[in-house]
Amino acid sequence: MIKFFNVWRSSFKEMATVRYFQITILGGLFVLICTTLLPVWRLFPTGLQDKPAIPLHYNIYSGIDLFGPWWNIFMIPVIGLIIFVFNLVCAIAIWRQEKVLSYFYLGVSAGSQLILFVAMVFVVLLNLSYG
């Protein structure tokens, strides 16, 4: 068991010296933190917790089609965290065998964080215009 963790630790240390991994890991974490703090910064001062339900999704054909409690707005960052951790673990696990696939995993992770950040921006804008 200790040998397993030593292999993982050495793979992560070796991976952390590559500039691409530094940028994608730190950039993905920064965007994830921004995705989490955006509703706290913009929606909580407006009294978000006092509302029984807030709009969580907008459809161009039928308008608002999903309402939920205020804490459901944090499902977007939770999904982003799950994607980030899963892709990071996969990238570390295959670093020694397939370096290109490790690059792909972390690139997809950073890209998905950006897409989820844009989704959170639209959810925040929807709630600011609705309330």
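Student: To begin, does F21 count as buried or exposed, and why?

Tutor: F21 counts as buried, because its relative accessibility is 0%. Buried means under 20% relative accessible area, exposed means over 50%, and partly exposed lies in between (1.4 Å probe, protein chains only). Please keep in mind that this is a predicted model, in which local features need pLDDT of at least 70 and side-chain atom pairs count only at pLDDT 80 or more, while totals for chains, interfaces and linings use all residues. Residues are numbered from 1 along each chain as its sequence is written, and side-chain values use heavy atoms, with hydrogens and water left out.

Student: How many aromatic pairs does a search of the whole structure find?

Tutor: The search finds seven aromatic pairs. Rings of Phe, Tyr and Trp (its six-membered ring) pair if their centres lie within 6.5 Å; planes under 30 degrees apart count as stacked, over 60 as edge-to-face and the rest as tilted. One of the pairs is Y20 with F21: the ring centres are 5.7 Å apart and the planes are at 75°, so this pair is edge-to-face.

Student: And what kind of pair do W95 and Y103 make?

Tutor: The pair of W95 and Y103 is tilted, because the planes are at 50°, with the ring centres 6.4 Å apart. Y20, F21, W95 and Y103 form one aromatic cluster.

Student: Which of these residues are buried or partly exposed?

Tutor: F21, as noted, is buried, and W95 is also buried at 3% relative accessibility. Y20 is partly exposed, with a relative accessible area of 32%, and Y103 is partly exposed at 30%.

Student: What sits over the ring of W95?

Tutor: The charged end of K99 sits over that ring, 4.3 Å from its centre. The rule is that NZ of Lys or CZ of Arg must be within 6 Å of the ring centre and within 35 degrees of the ring normal. The charged end of R42 likewise sits over the ring of W41, 5.4 Å from its centre.

Student: Let us turn to charges. How many salt bridges are there in the whole structure?

Tutor: A search finds two salt bridges. A salt bridge is a side-chain nitrogen of Lys or Arg within 4 Å of a carboxyl oxygen of Asp or Glu. E14 and R96 meet in one, at 3.7 Å from N to O. This pair links distant parts of the chain: E14 belongs to helix α1 (residues 2–16) and R96 to the loop between α3 and α4, 82 residues apart. Helices (H or I, at least four residues) and strands (E, at least two) are DSSP runs, numbered from the N terminus.

Student: Where does K99 come in?

Tutor: The side chains of K99 and E14 also meet in a salt bridge, 3.7 Å from N to O.

Student: How accessible are E14, R96 and K99?

Tutor: E14 is partly exposed at 32% relative accessible area, R96 is partly exposed at 45%, and K99 is partly exposed at 35%.

Student: New topic: which residues make up the largest nonpolar core?

Tutor: The largest nonpolar core has twelve residues in all, including L38, L56, F74, L116 and V124. A nonpolar core is a set of buried Ala, Val, Leu, Ile, Met, Phe, Trp, Tyr and Cys residues joined through side-chain atoms within 4.5 Å. Strand β1 (54–59) and helix α4 (99–130) each supply at least two residues of this core. The largest share, four residues, comes from α4.

Student: What nonpolar patch is on the surface?

Tutor: M75, V78, I79 and I82 form a nonpolar patch there, with about 340 Å² of accessible area together. Patches are made of residues with over 30% relative accessible area and no salt bridge; like charges are joined within 9 Å, and nonpolar side chains (Val, Leu, Ile, Met, Phe, Trp, Tyr) within 5 Å. Accessible areas come from the Shrake-Rupley method with a 1.4 Å probe, and for residues only the protein chains shown count as cover. I79 is in helix α3 (residues 75–93) and counts as partly exposed at 41% relative accessibility.
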